[in-house]
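Hello,

Here is the structure I promised to pass on to you. Have it open while you read, and my notes on what turned up follow below.

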Amino acid sequence: MLKIDNLTVSVNNKIILKDFNMEIKDSEVVALMGPNGVGKSTICKVIMGDPNYIVESGSITYNNEDLLKMDVVTRSKKGIYLVNQNPIEVEGVTNADLLRSAVEEKTNERINIFKFDKELTGICDELDIPKSFIHRDVNVGMSGGERKKNEILHLYMLKPDFIMLDELDSGLDVDNLRELSLALTKYLNEDKKRSCLIVTHHTNILEYIKPNKVNILMDKHIVETGDYSLAKKIEVSGFKGEENETK
Amino acid sequence: MRLNNKSIDINDSVNIDVLGNSKINIINPDSDIKLNIHLKDNSNLIINDFNETKNDIDYNIIQDNNSIFNMYHTFRISDNYNINYKVNFLGNNNINNVYIHGVSNGMVSMNVDGILPSGGENNIVNEDIKVLTIHGSCFISPMLHVSNLNVIANHKTAISKIDENIIFYLESKGINRASAEELIENGYLYGIYEDKEFIKRIRSDINE
């Protein structure tokens, strides 16, 4: 599904990632872990096409297509989705407005309002999200947990194939984390093509969404790859302990 | 003119005494408008005002005692546009909330004055002004002249271009830039109205 080769990325003239390599296959869940500030979120932003991040060299292919040649909208329509760490407020634009526009652009057809409303309220029921979210301005006045739920609501409507969870667990209480993780696991299991990149520096979320692979990011690139047991080892030794070991 | 528990449309300059609970709607006036409005004791007035013409508007509001005034004014302008708003509190225990949001593709000039003279008390005035300058400019002079005792006075004024972080967020959902800008603009134009019927009327007027 996604292959990153020798990627070097800078932001504000500072190199954040250097010769970064990672691969995520269809139906894989891959965790990317590392200490604060090493560039974990950067890789999500670069994949999504955030113009603030400059790709200095390297390549990213998505389903055998050159991702770096695509703009943000094309990447989204091809099935890439980012659950933001701190979803932004969009005053004056309701969730219904946003999703109507997004679905119409994706399908290239005017939506049937009744069908759209029915699907949206059905998803709210399934995710235990208040229906009042539908007509609220996007993320305005919402707590961190509510914003993350909102992102998952959008995900369920837009039906992407490749999902990036940028520190989904930050700001979520135990119950919300469990509920959202279970909703995501269900979503991923519905279609064997769907893959997921989980960016985190805790193992809590990985208790619910078990990764096939765990990558440790330090020194601007991946320094170690393992299975879920690597994440449990980090839980005990910490990233500093792991850094000493890899040296 | 006296307005007592009524809802009316206005398309012209007028002097109005308000009693009871009333509403004034203005959509795309045919000429410049000057409104002199006097809220008598215990009255309640809502003004919904939408403008895509270049016709200027002057509001002169006076509030006696225990009155409530809420104004929701939005605009989208490609020419020169002037808004002058003044509220004068003659008495006590009044509430005045003014929301002016708009999109400037021309040149907008706004004076928004709240006058709370000495002798009055327990008045509340809130000004919330937000203008998106896409291809135009805007000048705002928001003033609060406060000599009242025990007053709550807030003003919030912002002139901005479109936030590129919001554009990126909407594009990441698959919404192209032009549609994203339209969504944001519509947010400025329709987002503040509590009266959904008024929004329907605006949209219907635009489509004609």
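**Chain B**

Chain B is built from three helices and 14 strands. Please keep in mind throughout that this is a predicted model. Its radius of gyration is 18 Å, which agrees with the value near 17 Å that a compact globule of 208 residues would have. Along the principal axes, the C-alpha trace of chain B spans about 55 × 35 × 30 Å. Buried residues make up 50% of the 208 residues. If you look at contacts in chain B with a separation of 6 or more, 66% of them are between residues 24 or more positions apart.

Next comes B:Thr74, which sits in strand β8 (residues 68-77) of chain B. Its relative accessibility is 0%, so B:Thr74 counts as buried. The side chain of B:Thr74 reaches the backbone oxygen of B:Leu189 at 3.0 Å. Beyond its neighbours up to four places away in sequence, B:Thr74 touches B:Asp49, B:Phe50, B:Asn51, B:His101, B:Tyr188, B:Leu189, B:Ile192 and B:Tyr193.

The last stop is helix α1 (residues 164-171) of chain B, which is mostly covered, with six of its eight residues buried. Those buried residues are B:Ile166, B:Ile167, B:Phe168, B:Tyr169, B:Leu170 and B:Glu171. At the start of this helix, a side-chain oxygen of B:Asp163 comes to within 2.8 Å of the backbone nitrogen of B:Asn165. To place this region relative to the asparagine above, B:Asp163 and B:Asn97 are 66 residues apart in sequence and 26 Å apart in space, C-alpha to C-alpha.

**Chain A**

Chain A has eight helices and twelve strands. Its radius of gyration is 18 Å, close to the 18 Å that the globule rule gives for 247 residues, so chain A is as compact as a globular protein of that length. The C-alpha atoms of chain A fill a box of roughly 60 × 40 × 35 Å along the principal axes. Of its 247 residues, 52% count as buried. Among contacts in chain A between residues at least 6 apart in sequence, 69% join residues at least 24 apart.

One residue to look up here is A:Thr200, in strand β10 (residues 195-200) of chain A. Is A:Thr200 buried or exposed? It is buried, with a relative accessible area of 0%. Its side chain makes a polar contact of 2.8 Å with the side chain of A:Asp169. Leaving aside neighbours within four places in sequence, the contacts of A:Thr200 include A:Leu32, A:Met33, A:Gly34 and A:Lys40, as well as A:Glu167, A:Ile205 and A:Leu206.

**Where the chains meet**

How many residues of each chain are in contact with the other? There are 28 from chain A and 18 from chain B. The area buried between chain A and chain B is about 1,800 Å², and carbon and sulfur atoms give 65% of it. A:Val73, A:Ile88 and A:Glu105 supply 25% of the area that chain A buries against chain B, more than any other three residues.

The count between the two chains is two salt bridges. One of them links B:Lys173 to A:Glu151, with the closest N and O atoms 3.3 Å apart. Ten residue pairs are in polar contact across the interface. On the side of chain A that touches chain B, at least two residues each come from α2 (72-77), β6 (80-83), β7 (90-94), α3 (95-107) and α5 (144-158). The largest share, five residues, comes from α3(A). By class, this side of chain A has 13 nonpolar, eight polar and seven charged residues.

How values were computed:
Residues are numbered from 1 along each chain as its sequence is written. Chains are lettered from A and ligands numbered from 1 in the order in which they are written. This is a predicted model: local features need pLDDT of at least 70, side-chain atom pairs count only at pLDDT 80 or more; totals for chains, interfaces and linings use all residues. Side-chain values use heavy atoms; hydrogens and water are left out. Contact means heavy atoms within 4.5 Å. Buried area is the accessible area (1.4 Å probe) that two parts lose on being put together, summed over both. A salt bridge is a side-chain nitrogen of Lys or Arg within 4 Å of a carboxyl oxygen of Asp or Glu. A polar contact is a pair of N or O atoms within 3.5 Å; within protein, one must be able to donate a hydrogen and the other to accept it, and residues adjacent in sequence count only if both atoms are side-chain atoms. Helices (H or I, at least four residues) and strands (E, at least two) are DSSP runs, numbered from the N terminus. Ala, Val, Leu, Ile, Met, Phe, Trp, Tyr, Cys and Pro count as nonpolar, Asp, Glu, Lys and Arg as charged, and the others, Gly among them, as polar. The radius of gyration is taken over C-alpha atoms; the globule rule is 2.2 Å times the number of residues to the power 0.38. Buried means under 20% relative accessible area, exposed over 50%, partly exposed in between (1.4 Å probe, protein chains only).
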